[in-house]
Amino acid sequence: MSTSPSLDADQARTRLHELTVIDVRTPAEYASGHLPGAFNVPLDRLGHAVPALREAAGRGELLLVCQGGGRSGSARAQLAAHGVTALDLAGGTSAWASRGHALDRPEGAAAKAVWAMERQVRLAAGSLVLIGLALGLLLHPAWQLLSAGVAGGLVFSALTNTCGMAVVLGRLPYNRGAATGPDLDTTLTRLRGGAEVAAETGARG
């Protein structure tokens, strides 16, 4: 067992054959490129997946992955609250790809990648702040409360290591519409089923 809660990309690549990789991004992000053999369990569905993840963790270590490391850290904390231990990938899928390691994509996945959730959140938050300021100047000062609300939400997000805006954005159709991959129930059934996917990953490694 690892003594650190995180692995870097090279450590994860070396140990990939012995890890069960859980990608906590949205289905669309997952379809745009994920670690070989990774299961997609979106962060906002993690609670539903706890029993299957507990079973998988009983067979070997879990490695949680997102785009940059933030959501996987949050997922690790959520699982720890349920008594399930896991590792997370430092720097996420971005760090993995930057080291030149291969990414898999579901067969038939669109070539155009969806924006990473962190980038979507920055765009949405920035846009709402600008809209609040503009409407406050043009229509009524009370509109500036929109900008203040977004700022307060970002502070709360940093303090709690959660992001309500990411949860909302993750439910939009373009983030949920990865019809090329398995649905969550199928994924959880495979997680309960054992190590055949891990064995397939090891063969590729």
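## Counting the salt bridges

How many salt bridges does a search of the whole structure find? The search turns up 7 of them. A salt bridge here is a side-chain nitrogen of Lys or Arg within 4 Å of a carboxyl oxygen of Asp or Glu. Side chains of opposite charge can pair when their charged atoms come close.

A quick word on the model: it's predicted, so local features need pLDDT of at least 70 and side-chain atom pairs count only at pLDDT 80 or more, while totals for chains, interfaces and linings use all residues. Residues are numbered from 1 along each chain as its sequence is written, and side-chain values use heavy atoms, with hydrogens and water left out.

## Pairs with buried partners

Take Arg 25 and Asp 23: their closest N and O atoms sit 2.8 Å apart. Arg 25 is buried, at 1% relative accessible area, and Asp 23 is buried at 1% too. (Buried means under 20% relative accessible area, exposed over 50%, partly exposed in between, using a 1.4 Å probe and protein chains only.)

Glu 29 pairs up with Arg 71, again with 2.8 Å between the closest N and O atoms. Glu 29 belongs to helix α2 (residues 27-31) and Arg 71 to helix α4 (residues 70-81), so this bridge ties together parts 42 residues apart in sequence. Helices are DSSP runs (H or I, at least four residues), numbered from the N terminus. Glu 29 is buried at 1%, and Arg 71 counts as buried at 11%.

Arg 192 bridges to Glu 55, with the closest N and O atoms 3.5 Å apart. This pair links helix α10 (residues 184-193) with helix α3 (residues 46-59), 137 residues apart. Arg 192 is partly exposed at 38%, and so is Glu 55, at 38%.

Elsewhere, salt bridges with shared partners join Arg 15, Glu 18 and Glu 61 into one network.

Methods:
Helix = DSSP H or I, 4+ residues; strand = E, 2+ residues; numbered from the N terminus.
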